[in-house]
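Dear colleague,

Please find the structure below, followed by some notes on what was found in it.

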Amino acid sequence: MELAIDGGIVGDARRLASAIVDPVETFIGAHSTVAVERAVARLLDVDGTGGDEVPLSNLFLDRLGLERRRSGSAAWLGALVAETGRSPREVAVAVAAGRLPIETADGVPKEAARAALEPHVRHGLERVAARRDERQRLLARLPQGPAPLLYVIVASGNIYEDRTAAVAAAEAGAQIIAVIRSTGQSLLDYVPYGATTEGFGGTYATQENFRIMREALDAVSERLERYVMLTNYASGLCMPEIAAIAALERLDMLLNDSMYGILFRDINMKRTFIDQHFSRMLNAYAGIVINTGEDNYLTTADAVEQAPAVLASQFINEEFAHRAGMPDAQIGLGDAYEIDPDLEDGFLFAVAQAQLARQIFPAAPLKYMPPTKHMTGDIFKGHLIDALFNLTSVMTKQTIHLCGMPTEAIHTPFLGDRALSLENARYVMNTARHFGDEIGFKPDGIVERRAQTVLREAHALLEKIASAGLMNAIEARYFADVSRPPDGGRGAEGVFERAPGYWNPFEEALAPLGSASR
Amino acid sequence: MSGPIKPYGDTLGDGKVQLSFTLPIEWSESADEAARQLVVKMGFSDVAVAEGRRIANGFSFFVVYASTPVAVDVSLIGASSTAHAMSMDEIDALVRERIGRKVRVAGACIGTDAHTVGIDAILNMKGYKGDYGLERYKEFETFNLGSQVSVEQLVRFTKEHAIDAILASQVVTQKGSDIANFTALGELLEAEGLRDGVLLIAGGPRVTNLLATELGYDAGFGRNTVPSDVAAFIAQRLAARVPA
């Protein structure tokens with residue numbers, strides 16, 4: 001089934017997205033953030049904590065101070081490695097403990113610093129590449145089964161309980177497991193350390209928690225003879241650091257949006273733009289599929305009204321991802337089935353939007369989110385709404401399918417809720433597997449007209465954004481009806497201008513990927 | 001209906017209920033029997049395990065029908081209605097006539113809760129289910145402080161902006177975090193001597209008026225609340241405080 005849509009408008013929407021992103025990319029290239037520099041340190045194996053459980057990457061950045069950090073953390077780690085002959089982690093520990101004055105690094109020739117760090121940079125890149133290649137081998141040996149890939153969340157707060165739930169969900173048919181983060185983690189300006197058993201509404205994202213979950217899912221993948229994917233959140237104030245540790249622990253997907261944090265978490269927009277760029281460079285290299293957050297426009301406002309904003313945001317997210325070197329196959333653009341169940345022909349509107357995204361982004365592993373806003377305590381009706389969501393997903397060939405829970409409005413899912421939800425999805429998707437290939441849309445019918453309207457309005461919105469400029473547009477409430485000023489929001493103090501001679505060896509190594517994919 | 005009542009299947013007084021649950025055991029016929037005995041121990045009779053099956057390694061799921069021997073007397077339950085339904089225009093008129101100035105309302109998701117869907121539905125201009133949000137009311141001045149607002153921030157804001165009504169929202173209820181946050185807010189308002197000067201209102205999908213009043217709040221609004229329910233409550237309570 002194909003919708004008749006105007007390819008000329010689609011092409012022009014992409015041109016507008018490029019014009020919107022251009023000036024932001026120029027800004028990004030001249031700046032960095034504390035989170036980017038901490039991610040660089042982590043890729044150089046600056047891992048662990050110092051006094052008071054503060055991560056070593058944070059302690060090192062603090063010791064650098066406001067002026068030195070403008071040259072990039074790698075420049076100083078390199079200088080200290082050159083001066084002492086020790087590893088980046090060892091020098092960071094010594095600096096954090098106050099045993100090695102940061103001034104030791106002053107005056108070390110730049111070439112010496114670069115040369116001393118070079119083997120450590122190579123080692124960091126090799127660690128990431130090894131995990132990426134390992135995933136490729138596992139996927140070849142243990143095929144994960146057909147899309148839509150069934151994705152469920154675990155969110156107990158305790159990583160060991162999450163592990164039990166994740167293994168049970170995989171056995172019940174889940175192909176992707178997401179560990180929801182503790183509420184509030186997005187606003188922490190550090191990544192917590194170690195295995196954690198206390199969280200609210202979710203479980204802290206830590207490198208050790210990633211490792212524990214990956215290990216359990218690898219074991220169940222072998223047993224089920226199909227690879228079960230793991231996903232978490234590269235969002236909030238530690239976006240690039242999460243991307244770095246996810247790459248090292250072989251996560252397969254990450255929630256990552258170029259604007260979500262700005263709009264829905266009041267994180268400073270400059271911080272977010274800079275952070276998402278480096279995060280996505282790492283994701284691209286690590287083979288991690290990103291999931292963007294357009295579904296959030298629909299949970300906070302009317303789905304029919306916001307449909308053009310979803311499409312416009314998909315164009316912008318795609319463009320930002322391309323600029324960071326991501327191929328289409330790693331760009332999981334988001335949408336959601338949030339249509340009002342009382343609306344006549346609401347199902348047709350949802351199909352129109354999902355099919356429109358499928359045709360405009362044919363190579364993207366689209367992420368389809370379940371109904372949440374209109375779910376109530378009536379689990380029986382909720383199960384029915386989820387069934388229509390499942391049908392929409394399979395007929396429009398969505399790729400990443402976040403299973404809706406009948407108890408969505410009641411509690412974080414019980415083990416039995418997940419099993420019922422997976423059973424619903426498996427039934428509908430099996431019984432209607434090739435439905436979409438067998439039918440066509442009535443020319444100029446309700447679905448086709450709706451898709452054309454959404455595309456036209458998304459194009460008009462992109463035109464408005466392009467003429468205002470993205471940062472001004474966000475301030476002027478073009479997205480999600482919230483206003484965020486360019487210098488407001490959380491984490492603004494962590495943004496700084498790059499000094500002449502700024503050095504980020506990973507950006508340097510991965511940048512050619514970006515230019516090649518464009 | 002007055003007098004004792006029971007759940008209704010197809011005959012008055014049959015007490016029929018449906019239950020579904022998961023047991024942490026492999027499925028077998030003895031697992032079905034375990035489920036049946038469990039429901040008998042809950043006090044039910046005529047227990048029928050309609051469905052029992054394996055849902056994961058070491059976990060089984062059951063659907064059970066049974067009859068309960070117990071009943072409740074509806075006439076002994078007090079009403080907990082919070083306000084009479086009023087339209088936006090009626091509410092604005094009430095504020096104009098009885099209070100004579102704009103009512104100042106501050107709303108926030110308190111603690112670490114980042115789920116603003118509920119508070120946004122009540123406050124945002126657009127509202128919910130075709131019922132306009134408080135921002136749209138002519139006689140309300142509304143401050144939506146957003147997500148993850150600490151109790152201290154909210155109390156400071158209340159003091160600095162002479163707030164008449166606080167809407168505290170909690171969606172996440174894991175490990176009682178909602179109760180802890182609601183309680184902390186009430187206590188801090190007391191400690192600052194502000195409690196009597198404001199209407200303190202709790203909201204969230206798991207909140208009930210009963211729960212909120214037990215926590216010392218003026219009211220609680222849960223599922224199916226529309227903005228005019230909250231607006232009417234605020235207007236009526238504040239109007240009642242004005243000497244006639």
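Strand 8 and strand 9 (residues 199–203) of chain B pair in the parallel sense over 5 bridges, where helices (H or I, at least four residues) and strands (E, at least two) are DSSP runs numbered from the N terminus, and two strands pair if DSSP finds at least two bridges between them. Within this pairing, B:A165 has B:L199 of strand 9 as its bridge partner. Between strand 8 and strand 9 of chain B the chain passes through helix 5 (residues 177–191) of chain B, and this β-α-β crossover is right-handed, that is, with the strands pointing away from the viewer, the path from the first strand over the helix to the second runs clockwise.

The model is predicted, so local features need pLDDT of at least 70 and side-chain atom pairs count only at pLDDT 80 or more, while totals for chains, interfaces and linings use all residues. Residues are numbered from 1 along each chain as its sequence is written, and chains are lettered from A and ligands numbered from 1 in the order in which they are written.

Strand 8 of chain B is also joined to strand 6 (residues 103–109) of chain B by 5 bridges, and these two run parallel; here B:C109 has B:S169 as its bridge partner. Because 5 of the 5 residues of strand 8 (residues 165–169) of chain B are buried, this strand is largely enclosed by the rest of the structure (buried means that 20 or more other C-beta atoms, placed from the backbone, lie within 10 Å of the residue's own). Both of its faces are covered, with B:A165, B:L167 and B:S169 on one side and B:I166 and B:A168 on the other.

With regards

Terms used: A residue is buried if 20 or more other C-beta atoms lie within 10 Å of its own, exposed if 12 or fewer, and partly exposed in between; C-beta atoms are placed from the backbone.
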